[in-house]
Amino acid sequence: MIIRKAEIECVAALKSQYPTKGYPEVAFAGRSNVGKSSLINALVNRKALARTSSKPGKTRTINFYNINDALFLVDLPGYGYAQVSKEEKKKWGAMIEGYLNGRDELRLVILLVDIRHEPTQDDKLMLEWMRQTGKKVVVVATKSDKLSNNQLMKQVPLIKKSLKLTEEESFVLFSSETKRGKDELWEIIKNECGI
Ligand code: GTP
Ligand code: MG
C-alpha cells in the first residue's frame, strides 16, 4: 500500500464527534499495551503518528487517522487495564462499545492479542461480542518478534484454540518491530474496504 497521506482526522469521545466523510473504517481493539497504536504506525510507515507508550492506558479517546483520503484507521482505547479506576473503565467501555456497535462505516475490526500470552477472558468476550454484531474480524497476534520460531509454532495453535477461531476467521502474525504481517494485513484491509 502506498501511503500518500496519513494524518489525524479527529479525536472523539462522543458519537457526535465522529467524522462524517463516510470513508470505510478499520478499528483496532485489544488489551491496553497490546500494541494497537504501534500497529497503526507500522501500517502507515510512521514512527509516531499514533502515540504509544510502554505504560498501559496511553490511548484514551477514539482517534481517527485519515489514510490517503480513502479510509480511516481507528485507534481505540485498550481494555483490561487493572490500574484504571472503575469509573474510567466504565467510560472507556462505553466509548468502545458505542463506536463498535452500529457504526455503518466500520468494515473490519482488528482484534489484537499478544502472541506470548493466552487470550484473556476480556479478549474472548470481545471476540464473541464482535461475532454477534456480524462485523468482519481479523485476529492479529502481535509482538511476534519476541518469540523464537519454535515458540511461535507452539503459541499459534494455542491462541487459535483458546479463541475458538474458525477457518473463515483470518489470523495474522504481526510485529511492529520487524513489520512481519504488514503486507498480509493491508491485503485484508484493502479487500474489506474496497480500495
Ligand atoms: P493503549 O493505548 O494503552 O491501549 O496501548 P496500545 O495497545 O496502543 O499499545 P502501544 O502501541 O502503545 O504499545 C505498547 C508497548 O508495546 C510499547 O512499548 C510498544 O513499543 C510495544 N510494542 C508494540 N508492538 C510491539 C511489537 O510488535 N514488538 C515489540 N517488541 N514491542 C511492541
Ligand atoms: Mg494506544
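This report describes a predicted model of a protein with a ligand, from its overall build down to single residues.

## Overall build

The protein has 5 helices and 7 strands. Along the sequence they follow the pattern β-β-α-β-β-α-β-α-β-α-β-α. The radius of gyration is 16 Å, close to the 16 Å that the globule rule gives for 195 residues, so the protein is as compact as a globular protein of that length. Along its principal axes, the C-alpha trace spans about 45 × 40 × 30 Å.

Of the 195 residues, 34% count as buried. Contacts can also be sorted by distance along the chain. Among those between residues at least 6 apart in sequence, 71% join residues at least 24 apart.

## Strand E2 and its partners

Strand E2 covers residues 25–30. How many of the residues of E2 are buried? The count is 6 of the 6, so the strand is largely enclosed by the rest of the structure. Both of its faces are covered. Glu 25, Ala 27 and Ala 29 are buried on one side, and Val 26, Phe 28 and Gly 30 are buried on the other.

E2 pairs with E4 through 4 bridges, and the two strands run parallel. Within this pairing, Ala 27 has Val 74 of E4 as its bridge partner. E2 is also joined to E5, by 6 bridges, and this pair is parallel as well. Here the bridge partner of Phe 28 is Ile 110 in E5.

## From strand E5 to strand E6

Strand E5 spans residues 106–114 and is mostly covered, with 8 of its 9 residues buried. E5 and E6 pair in the parallel sense over 7 bridges. Ile 110 stands opposite Val 138 in E6. Between the two strands, the chain passes through helix H3 (residues 121–133), and this β-α-β crossover is right-handed.

## Val 138

Val 138 lies in strand E6, which runs over residues 136–142.

Leaving aside neighbours within four places in sequence, Val 138 is in contact with Leu 108, Ile 110, Ser 170, Val 172 and Ile 188. Val 109 is 29 residues away from Val 138 in sequence, yet their C-alpha atoms are 6.4 Å apart in space.

## The surroundings of the ligand

Ligand 1 is surrounded by 24 residues. The closest are Gly 35, Ser 38, Thr 52, Thr 59 and Gly 78. By type, the shell divides into 3 nonpolar, 15 polar and 6 charged residues.

## Pro 56

Pro 56 is found in the loop between H1 and E3. With 16 other C-beta atoms within 10 Å, Pro 56 is partly exposed. Apart from neighbours within four places in sequence, Pro 56 is in contact with Ser 32, Asn 33, Gly 78, Tyr 81 and Gln 83. One of these contacts, Gly 78, is also among the residues closest to ligand 1.

Pro 77 lies 21 residues from Pro 56 along the chain. Their C-alpha atoms are separated by 9.8 Å.

## Two residues with positive phi

Most residues other than glycine have a negative phi. The phi of Asn 68 is near 55 degrees. Asn 68 sits in the loop between strand E3 (62–67) and strand E4 (71–75). It has 14 C-beta neighbours inside 10 Å, so Asn 68 counts as partly exposed.

The phi of Lys 143 is near 65 degrees, again a positive value in a residue other than glycine. Where does Lys 143 lie? Its place is the loop between E6 and helix H4 (149–162). Because Lys 143 has 19 C-beta neighbours inside 10 Å, it counts as partly exposed.

How values were computed. Residues are numbered from 1 along each chain as its sequence is written. Chains are lettered from A and ligands numbered from 1 in the order in which they are written. This is a predicted model: local features need pLDDT of at least 70, side-chain atom pairs count only at pLDDT 80 or more; totals for chains, interfaces and linings use all residues. A residue is near a molecule or strand if its C-beta atom, placed from the backbone, lies within 6 Å of it. Ala, Val, Leu, Ile, Met, Phe, Trp, Tyr, Cys and Pro count as nonpolar, Asp, Glu, Lys and Arg as charged, and the others, Gly among them, as polar. Two residues are in contact if their C-beta atoms, placed from the backbone, lie within 7 Å. A residue is buried if 20 or more other C-beta atoms lie within 10 Å of its own, exposed if 12 or fewer, and partly exposed in between; C-beta atoms are placed from the backbone. Two strands pair if DSSP finds at least two bridges between them. A crossover is right-handed if, with the strands pointing away from the viewer, the path from the first strand over the helix to the second runs clockwise. The radius of gyration is taken over C-alpha atoms; the globule rule is 2.2 Å times the number of residues to the power 0.38.
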